[in-house]
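Let's take a walk through this structure together, one piece of architecture at a time. Keep the viewer open and follow along.

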Amino acid sequence: MTVADRSMAPSAPSSELPLLDIVDLQMHFPVSRGLFRAPTEFVHAVDGISFEIAPGESLGLVGESGCGKSTTGRMLVKLLEPTGGSIMFRDRDYERDVAHIKGKETKEFRRRVQMIFQDPYESMNPRRTIFDTVSEPLAVQKVGNVPEREQRVLELLRLVGLTPAENFLFRYPHELSGGQRQRVAVARALVMNPSFIVADEPTSMLDVSIRISVMELMAGLAREFQVSYLYITHDLAVARYMCDRIAVMYLGKIVEIGPTEEILSRPQHPYTRALLSAVPVPDPSQKRTAVEIKGGVSKPVNPPPECRFIERCPFAAEVCRTNPHPPLELRGDRHYVACYRVDEINAAIAAAAG
Amino acid sequence: MTTTKDQGADHGAATGAVAAGSPASDAFAHQPLWKVRLALWRRSLGKTWGLFRENKMGMFGLGLILLFACMAIAHPILMATVWDPKIYDPVTGYSAVELQFVIVEGEPTDPSTQISLQEARLRLNPTVKVGQTVTIPVQPAPPSLKGPNPHLLGTDPQGRDILSQLLYSTRAAFFLGAVAALTTVLIATTVGSIAAYFGGFIDGSLMRLSDLILLMPLLPVLILVSALFEINMVMLGLMIGVLGGFGGVAIVLKAQALSVKVKSYIDAARVAGGTHWHIVLRHIIPNVLPLSFLYMMFGVTEAIAIEATLSFFGLLNVPMTWGIMINTAQNNGYLLSGTSYWWLLFPAGLAVTFLCFGFFLVGRGMDEVINPRLRAR
C-alpha cells in the first residue's frame, strides 16, 4: 500500500480524530552479508501497513509468529526505528509524527505510551522491588518526589487488585506469581496515565485460569482511563474478548481489518477463514466449511511483487501472481480486505455449503 | 503528584478512601525509603549467607581467609607488645641464635646438632678437635622455643625472624589482592556492560582491546615493566587489575551482560523513557555484579600468585613479601637444600598456596550461590 491509498485506509469508529494514524509503516531489516559489503537483501518484517486507532479503542493485531505483529508494536513505542512511513500521534495537547523522533522528543513522547510484555518473568528486573519497577517511569521522567511516587504506586497496586498494596510494595518479582506479576506490569504501564498501550501477548504466558482475570482487568482499566490498546495476540478468542477491531497480519501486510464481530462472523480473506476454521468449536454436531491451508510461513526476504499469501492460498489464481500484493478494499461495515478474488471465493464457499 | 491526566487523580482519591480502612500489615509501610532499602539489602544478604553456609568448601575457604586475616592483624600487635623491633623487625631485625654442635669427622649426618671439623675450624679457631661440643651463632637458625627471644619458625639466612616476616607479608598480600581485585571488577564490569549494551563500534573496539590484552602473557609483561620501572604494591595491584579486567573477565562479564540486555525489562525501561546510562547503571550492572564478585575472588588468587612470582625474582620495590622470603632463601643457596632448611621455604610457600586456595574456595562457593544450577540438590 502506498500513501496514495490513504483514502482507503481503515477508518476509526468515531468521527473524532484518531489517536494514532499510521500510514505506510515499514520495517526492513538488512540481512548482514559481511563487514564491508552493503546489505542487498532485506527482511520485510513490516511492509507498508496503514491503520488508525481511535481514543479509547483497542485494536487487536492477529497473526502467526513471524508475521511482523510484534515488530509493529515495538515501532509504535519507539523501541524500533521504522525504515519508512509515518506514525501520527494525537493526544490532547500533542500532535506530531513520531516515526523518526529522537532523544528528548522520544522521552517526551514516552510519557504518553507504554508497553506490556509477554513474559511476566522477564519483564521485571529481579533485583528491583515492585516499588522500583512500577515507579520507574515516574523516576526517569522526574515526576513527583519519592513520597508522592510511593502514593501513586500504592494507588495503582490497589487498582490492579494487588491488595493490601503495602504488602506488595517492597516485594521482589520472584516472590510473586505469574498473574500477580502481570498485574504489576499493568500497574507500571498505567503509572504515567498513558493514552496508548501496546500489549504484546500479555496473557499468552499465563495459566488459563488467571488469563481471564488479567484480561478483565485490562479491559476494565481501558474503559475507565480511556486508554487505547494495540493488543498483539495469536489467539482469536483473546482478541474477541479484548478488542473493538481486529487486524489480521500475514508476512508484514495487513490482509483484513474490521470490527471484531464482523471479522469473526464474516471473514473474507482466505487466511482469516483458515485461522477461524482452526479455532476449535466445543460442539461436535456443528458442521463447518473448513478452509485448509498448507505449508508454513515463508521468510519475507526481498518478496516478489505478488500476493504474499499465494504460496498457501487454496484459491490462488493468475491474477494473484501477476499483480502486486492487493490493497485493502472496503467490503462491508468498516471491513477492509486485501484480496483480488474475494467475490469468487465467497461464491465458491457459498456453493460448497450448499 | 503531577499526573498527565486528571482522571488518575480522581481515581486516586476514590481508592485512597477505600484503602484507608485496610490494615497496613507490612512492617515496611510508612518508613523512610532508605530504611526500607537498608532492611531489604540486609535481608537479601542474609539469604545469600544462608545459601553460602551450606557450602562446606566455601566455608573452609572462608575459614582459611579469616585465619590469614587474623595473622595480618596479629603482626602490628605483636610488634607493639611482645616483640622487640631490634630483633623481630621483618626487614631490619637481627638475632644470631647460639646453638651447640658436636664436631664430627667428615660430613655431619645431622646438620642441626653436628658440624664437620673443617667448618668448625673455619668458623671458630683451628684448635678445635673432633668430639668437642662448641657453641656457634647460626643464621638461619631452626625453629625453637628456647631462649629469651624465641623464633617459632626460625630465622632466615640474615638472622631475621621468619614468623614476623610471614605475618608482615600477609598484610601486603591482602592489600595487593584487594587493590587488584577491585580494579579488575570495576574495569571488567564497566567494559563488559558498556560493550554488551551499546554493541556496534564500541563493542567491537573494546572487545578487540580485550582480545589483545588476553593474548598478552601477563607475567612476562609484568617482569618487563617492573624491570624498567620501580613499581610498588599499589602500582602492581592496579596493573594486574587493569590487565586482568580488560582481558578475560571483561569478556565473561560481557556475555552475562548480553544475556541481561535481551530481557524485556530492558525494553520496559526504554519505553519508560530511561536513558542509556539509567539502563546500564540500574538494570545491567546490578545483574552482572554477582558474577563480578565471583571473578573478584579469582582475581585475588591470581594477584597473590603473580606478586609472589615477581618478588621471588626480586623485581618489586617492596620491603617484605612471601616471594621475597623465598628469594632470600634462594639467594643464599638454600632453595635446593631439600627439607633440611624447611623453615626457609615452607612457611612462605604454604602461605601463598593456602591463601590462594582460600580465595578460590570462597569463589567456588559464591559460584554455587550465584548459579543455582551448580547447587548440589
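Predicted model: local features only at pLDDT ≥ 70, side-chain atom pairs only at ≥ 80, totals over all residues.

Helix 6 of chain B passes helix 12 of chain B in a right-handed crossing. Sorted by class, the residues of the contact of helix 6 with helix 12 in chain B are 19 nonpolar, eight polar and one charged.

Helix 12 of chain B, which covers residues 276-312, also packs with helix 9 (residues 233-246) of chain B. Here the angle is about 130° and the axes are 11 Å apart. Helix 9 and helix 12 of chain B are therefore oblique to each other. As for handedness, helix 9 of chain B passes helix 12 of chain B in a right-handed crossing. If you want to select the contact in your viewer, helix 9 of chain B brings B:Leu236, B:Gly237, B:Ile240 and B:Gly244, while helix 12 of chain B brings B:Gly299, B:Glu302, B:Ala303, B:Ile306 and B:Glu307. By class, the contact of helix 9 with helix 12 in chain B has four nonpolar, three polar and two charged residues.

Now move along chain B to helix 13 (residues 322-331) and helix 14 (residues 342-370), whose axes come within 9 Å and cross at roughly 155°. Angles over 145 degrees count as roughly antiparallel, and that makes helix 13 of chain B roughly antiparallel to helix 14 of chain B. The crossing of helix 13 and helix 14 of chain B is left-handed. On the helix 13 side of chain B you will find B:Trp322, B:Met325, B:Ile326 and B:Ala329, and they meet B:Leu344, B:Leu345, B:Ala348, B:Gly349, B:Ala351 and B:Val352 of helix 14 of chain B.

Let's zoom out to the domains of chain B. The domain assignment gives domain 1 (56-78 + 160-374) and domain 2 (97-138). The C-alpha centres of domain 1 and domain 2 of chain B lie 48 Å apart.

Chain B also has a sheet to look at: three strands form an open sheet in the order 2-1-3, with mixed pairing. Strand 2 (114-116) and strand 3 (133-138) of chain B each have a single partner strand and stand at the edges, so one side of each is left without a neighbour in the sheet. On average, and ignoring direction, neighbouring strands of this sheet are turned by 50° against each other. Strand 1 (residues 97-104) of chain B pairs with strand 2 of chain B in the parallel sense over three bridges. Opposite B:Val102 stands B:Gln114 in strand 2 of chain B.

Over in chain A, eight strands form an open sheet in the order 6-7-8-3-9-10-12-11, again with mixed pairing. The edge strands of chain A here are strand 6 (113-116) and strand 11 (329-330), each of which pairs on one side only. Within the sheet, strand 3 (residues 58-62) and strand 9 (residues 245-250) of chain A pair in the parallel sense over four bridges. A:Leu61 stands opposite A:Ala247 in strand 9 of chain A.

Two helices lie across strands of chain A. Helix 1 (residues 69-76) of chain A lies across strand 3, strand 7 (196-200), strand 8 (228-233) and strand 9, and runs at about 155° to strand 8 of chain A. Helix 6 (residues 178-190) of chain A lies across strand 6 and strand 7, running at about 170° to strand 6 of chain A.

Chain A has a hairpin too, formed by strand 4 and strand 5 with two residues between them. Strand 4 (residues 84-91) and strand 5 (residues 94-97) of chain A pair in the antiparallel sense over four bridges. A:Phe89 has A:Arg96 as its bridge partner in strand 5 of chain A.

Finally, two backbone details in chain A. A cis peptide bond joins A:Thr163 and A:Pro164, with omega at about -10°. A:Pro164 sits in the loop between helix 4 (146-159) and helix 5 (165-169) of chain A. A:Glu201 is not a glycine, yet has a positive phi of about 45°. Look for A:Glu201 in the loop between strand 7 and helix 7 (208-225) of chain A.

Key
Residues numbered from 1 in each chain as written. Chains lettered and ligands numbered in written order. Domains from an automatic or database assignment. Axes fitted to C-alpha atoms, helices over the stretch in contact; angles between N-to-C directions. Parallel < 35°, antiparallel > 145°, perpendicular 65-115°, else oblique. Left-handed = near helix turned anticlockwise from the far one by under 90°. Contact = placed C-beta atoms within 7 Å. Nonpolar A, V, L, I, M, F, W, Y, C, P; charged D, E, K, R; others polar. Pairing = 2+ DSSP bridges.
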